[in-house]
Amino acid sequence: MPENKYFIQGILNSDERVITEIYTSFFPKVLGFVLSNKGQEVDAEDIFQKVLMQISARIRCRELETITSTFEAYIFTACKNLWRRELNKRKRVTNTEVKELVSEESDMAYALLEQERWELFKEKLDKLSDNCRQVLTLFLKKVSYAEIVKQLSYSSETVARQRVFKCKAKLIESVKSDKRFKKLIS
């Protein structure tokens, strides 16, 4: 997508105009997501900045795999995943626990690895049949089997369970057979 190359090249060249355009165009959606999910504006700014740094590091360290979606969808998904990870970290820390301090570099490296895992998963999910994509999308959104039966016109919940099982197996096999899988699990 030409738009993707424009933004990636702008980040690679540290083009202030392009980076400003990225903030202006894409930050409001990220801000809305973070605010509606227990965050504040400063959290959204941090998440957005970290994602831009991750993308920049990824472009400089190795070629960024072709983005199959729009740059907006790519950056929003990365921000969403990073914010969810941050929320999970906050949930695990209570007043009686000692919070382990993680260096910014290792935190960024982990987030980058997590994004690459998500991209591999999404790529393989997109290659499944329409029916498998639909059933797994509903399953991952925690839609009940009864509702899956209704939405996909299956004959019973047993059929829906079997379909989820078979589609998950296909997805897992597809992910594990990809040459990038071993690198992403270590």
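Is Arg133 buried, exposed or partly exposed? In this predicted model, Arg133 counts as partly exposed because its relative accessibility is 23%, a value that lies between the limits of 20% for buried and 50% for exposed residues.

## The pair in helix H6

Arg133 takes part in a salt bridge with Asp130, and the closest N and O atoms of the two residues are 2.2 Å apart. Both residues belong to helix H6, which spans residues 130-140, and because they are 3 residues apart there, about one helical turn separates them.

## Other salt bridges

The search of the whole structure finds 6 salt bridges, and two further examples can be described here. Side chains of opposite charge can pair when their charged atoms come close.

In helix H8, which covers residues 157-176, Glu157 and Arg161 are 4 residues apart, or about one turn of the helix, and they form a salt bridge in which the closest N and O atoms are 3.7 Å apart. Glu157 counts as partly exposed at 34% relative accessibility, and Arg161 likewise counts as partly exposed, at 42%.

A salt bridge also joins the side chains of Lys127 and Glu123, with an N to O distance of 3.7 Å. Lys127 counts as exposed, its relative accessibility being 61%, while Glu123 counts as partly exposed at 26%.

## Nonpolar cores

The largest nonpolar core has 26 residues, of which Ile22, Phe48, Ile55, Phe71 and Ile75 touch the most other members. At least two residues of this core come from each of helix H1 (2-12), helix H2 (16-35), helix H3 (41-61) and helix H4. When residues up to four places away in sequence are not counted, Ile75 touches Ile22, Phe26, Phe48, Val51, Leu52 and Ile55.

## Thr77 in helix H4

Thr77 is placed in helix H4, which runs over residues 71-92, and Thr77 counts as buried because its relative accessibility is 19%, with the limit for burial set at under 20%. A polar atom of the Thr77 side chain lies 2.8 Å from the backbone oxygen of Ala73. Once neighbours within four places in sequence are left aside, the residues in contact with Thr77 are Gln115 and Trp118.

Conventions. Residues are numbered from 1 along each chain as its sequence is written. This is a predicted model: local features need pLDDT of at least 70, side-chain atom pairs count only at pLDDT 80 or more; totals for chains, interfaces and linings use all residues. Side-chain values use heavy atoms; hydrogens and water are left out. Buried means under 20% relative accessible area, exposed over 50%, partly exposed in between (1.4 Å probe, protein chains only). A polar contact is a pair of N or O atoms within 3.5 Å; within protein, one must be able to donate a hydrogen and the other to accept it, and residues adjacent in sequence count only if both atoms are side-chain atoms. Contact means heavy atoms within 4.5 Å. A nonpolar core is a set of buried Ala, Val, Leu, Ile, Met, Phe, Trp, Tyr and Cys residues joined through side-chain atoms within 4.5 Å. A salt bridge is a side-chain nitrogen of Lys or Arg within 4 Å of a carboxyl oxygen of Asp or Glu.
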